[in-house]
Each structure stands twice: as structure tokens, then as C-alpha cells.
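Hi there,

Here is the structure I promised to pass on to you. Have a look at it first, and then read on for my notes.

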Amino acid sequence: MGITKVHGLAILLTAGITGAIWYHHPFSPARDREHAASPAEGSVLKTDLDETSLLLPWRQDVLVLTPWLAPIVWEGTFNRDILNAQYLQKNLVTGVVTFAVEKYVQFIEGFMRSANKYFLAGHHVNFYLFTDSPKKISHLQMAPENHLFVIPVQNDRRWQDIPTSRMDIISSYIHSQFQYEVDYLYSVDVDVQLLADIGVEIIDALVATISSWQITSQIENNDHETHPESQAAIPEGHGDFHYSASFYGGSVSEVYKLTRACSEGLMEDRENGIEAWWHHERHLNKYLLHHRPTRLLSPEYYWDTELSPSSIQVKRMCPVRKDSSRQAPETKNVKPLLFTAPLN
């Protein structure tokens with residue numbers, strides 16, 4: 001039987017989607033050439049992986065590709081065995097940066113125990129813990145392939161300055177140290193618990209996590225104060241997704257560019273007397289609007305336990321509940337995440 005125009009169109013569409021997923025996977029050599037960069041002139045940075053693997057779009061109930069054809073990682077959209085095998089061949093090291101100052105010191109043990117168990121299990125991971133109370137940290141037993149580095153940091157007086165300083169600290173340490181020690185770097189909040197494996201499916205040049213509040217009808221349209229003159233201001237109607245600042249990362253070169261840009265914007269806002277709600281997350285979203293992520297992690301990877309849509313099959317990481325009155329970040333400029341209709 002001959003191939004009709006409809007069949008031909010379907011074949012081309014399928015090939016195009018598969019090719020886009022293949023290209024946008026970090027094992028693709030084309031991706032390696034495009035996204036290799038150094039954070040500063042004269043610096044030498046390791047590049048992305050240079051072999052190929054497919055991120056299989058097995059889910060039909062959720063959005064698995066962005067409009068710019070970057071994959072969205074959900075349970076059932078990847079084969080971790082294939083990814084692990086190819087990742088191990090590269091002898092790569094991934095870094096995790098987290099901050100625990102003042103009252104957040106209480107979350108260190110819970111975070112480290114769960115991260116040591118579930119974050120890139122079986123692979124080399126350097127955990128960089130910035131804290132103003134290094135003497136309060138008890139000895140933590142780490143997996144043989146993991147290393148914990150405790151880095152003293154001076155806490156700012158106002159809690160608002162902690163996330164503001166975080167971007168500057170990360171970019172500074174990438175330039176002076178991390179670029180020589182790790183291939184990929186991720187920033188994770190310390191007040192979380194990892195509940196399931198977070199593996200090498202998160203590895204890519206620039207990775208962001210979709211806010212769990214964006215995919216539910218329970219989104220609160222909080223009218224937080226907005227400063228049009230802020231460096232983080234996003235025009236009404238712009239923005240593809242709302243990204244959480246609690247979990248993001250990628251190659252050290254891309255994370256350097258992101259944190260440096262956000263740090264500069266935050267400092268400029270501070271000089272202009274601007275202190276906006278969720279200000280570090282706003283700057284992150286503004287940067288990612290103009291530098292779109294090469295991979296998105298679904299809300300499985302940072303899930304608010306107040307929400308429970310059926311699309312979430314695995315809750316991989318959740319915040320530790322501290323305040324029952326906690327509000328969702330402002331999302332008025334972002335449309336809720338749409339799911340694809342199941343195929344009959």
C-alpha cells in the first residue's frame with residue numbers, strides 16, 4: 001500500500017520531534033559544539049558530553065517538548081540505564097551548591113542524607129555547603145563517590161540579602177574554583193528532602209525546573225509588588241514557563257553566565273533601592289526568558305506537597321514544610337502549563 005500525504009506528514013513530524021530530542025540531549029556532538037563556552041577570557045572549561053542517546057517521549061498525557069524543542073523531563077520519558085552507561089564512560093563530576101545560614105542550619109542533616117542517597121547515585125558528586133555555622137555541622141557519612149566541602153560564609157544581616165548574595169557567591173566560586181573541579185553544577189535549596197532518584201537525566205547545558213504551581217488550577221495570583229524599573233521586570237504576557245529558583249543548573253560555563261547576570265541585575269536593583277518579593281527568582285526567570293533552557297525538569301523534581309495533580313507519578317524532591325501560610329510565587333505573566341491530549 002502506498003504512503004499517503006497524511007502518512008508522509010506523520011512520518012516527517014515524528015522524525016522531526018525525534019531529531020529535536022536527539023539534538024537537545026547532552027550526548028549529542030552538535031550540542032557539545034554549540035554550548036561549549038568559557039565564563040571568562042582565558043579560562044578552560046570542560047564541555048558537554050559528546051555521545052548520543054535518545055530521550056524517549058513515552059508520555060502522552062503531558063507536554064514533553066517546549067516550543068523551542070527542548071525536552072521536558074518526566075517519569076517515563078528517559079531510559080536511565082542507557083544514560084548511566086554513557087555518563088560513566090566520561091568520568092564526569094557534578095557539583096551541588098547549597099546554602100545554610102542562620103535557622104536553615106537545621107535542615108543540613110536531612111538534606112545531605114537524602115541527597116547522598118538519591119542525587120546522581122553511583123556517580124561522582126561534590127557537595128559544596130556554604131554556611132555561617134561550620135562548627136555546628138556533625139560528621140555525615142558520605143557515599144564513597146561523594147565528597148562534602150564545607151565553605152564558611154559570612155551571613156548578611158537582612159534575610160533578603162541571602163539569596164541576593166547567593167548568585168554572586170556562586171559565580172565567584174565558579175570562576176576561582178568550581179570550573180576546575182566539576183563538569184556540571186546545580187544549585188539546590190537546603191530546606192528540601194529528596195524522595196526518589198534524581199539521575200543523569202538532568203544533565204544538560206542549561207537546566208531549569210518548572211514551578212509546581214504552574215500546572216495546577218490552584219495557582220494563586222498573588223499581587224506582589226512589581227517594580228517596572230527593576231532589572232527583573234518581565235512585560236505583561238511574556239514568559240513561557242515560571243521556573244523555580246530552588247533547583248537549577250547545567251554546565252559550569254552556562255551556570256556562570258546565569259549567576260553572573262542575575263547577580264549584576266540584583267546589585268543594580270539594590271543600588272536603585274528596589275527590593276522585590278521573590279527577587280532572585282524573578283531575575284532567574286528574566287534571564288531564562290532571553291536565554292532559554294536546553295532542558296526543563298518537570299515539577300516532579302521540585303514538588304510542593306500541597307498540590308496533587310494526577311500527572312505527577314513520582315515526587316523526587318519536596319520542600320520541608322515550615323510555614324502553612326506560605327504563598328506561591330507570582331505567576332500572573334505566565335500561562336498554566338498545558339498538557340497534550342491523550343491519543344486515542
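Predicted model: local features only at pLDDT ≥ 70, side-chain atom pairs only at ≥ 80, totals over all residues.

Strand β5 (residues 184–188) runs antiparallel to β8, and five bridges join the two. If you want a landmark there, Leu 185 has Gly 250 of β8 as its bridge partner. Strand β7 (residues 206–210) is also antiparallel to β8, again with five bridges. Here you can look for Ile 210, whose bridge partner in β8 is Tyr 243.

Next, the aromatic rings. There are twelve aromatic pairs. One of them is Tyr 128 with Phe 149: the ring centres are 5.4 Å apart and the planes meet at 20°, so this pair is stacked. Tyr 128 sits in strand β3 (residues 124–131) and Phe 149 in strand β4 (residues 146–152), so the pair ties together parts 21 residues apart in sequence. Tyr 128 is buried, at 0% relative accessible area, whereas Phe 149 is partly exposed, at 35%.

Phe 130 and Phe 178 make an edge-to-face pair, with 6.5 Å from centre to centre and 70° between the planes. This pair links distant parts of the chain, since Phe 130 belongs to strand β3 and Phe 178 to the loop between α5 (161–176) and β5, 48 residues apart. Both Phe 130 and Phe 178 are buried.

Finally, the charged side chains. The model has seven salt bridges. Among them is the one between Glu 75 and Arg 316, at 2.3 Å from N to O. These two residues are 241 residues apart, Glu 75 in the loop between β1 (72–73) and α3 (80–89), and Arg 316 in the loop between β9 (295–297) and β10 (317–319). Glu 75 is partly exposed, with a relative accessible area of 28%, while Arg 316 is buried, with 2%.

Another salt bridge joins Asp 204 and Arg 295, whose closest N and O atoms are 2.9 Å apart. Asp 204 is in the loop between β6 and β7 and Arg 295 is in strand β9, so the pair ties together parts 91 residues apart in sequence. Asp 204 is buried, at 0%, and Arg 295 counts as buried too, at 1%.

Enjoy exploring it!

Best wishes

Technical notes. Residues numbered from 1 in each chain as written. Heavy atoms only, no water. Pairing = 2+ DSSP bridges. Helix = DSSP H or I, 4+ residues; strand = E, 2+ residues; numbered from the N terminus. Phe/Tyr/Trp six-rings, centres within 6.5 Å; stacked < 30°, edge-to-face > 60°. Buried < 20%, exposed > 50% of the residue type's maximum accessible area, 1.4 Å probe, protein only. Salt bridge = Lys/Arg side-chain N within 4 Å of Asp/Glu carboxyl O.
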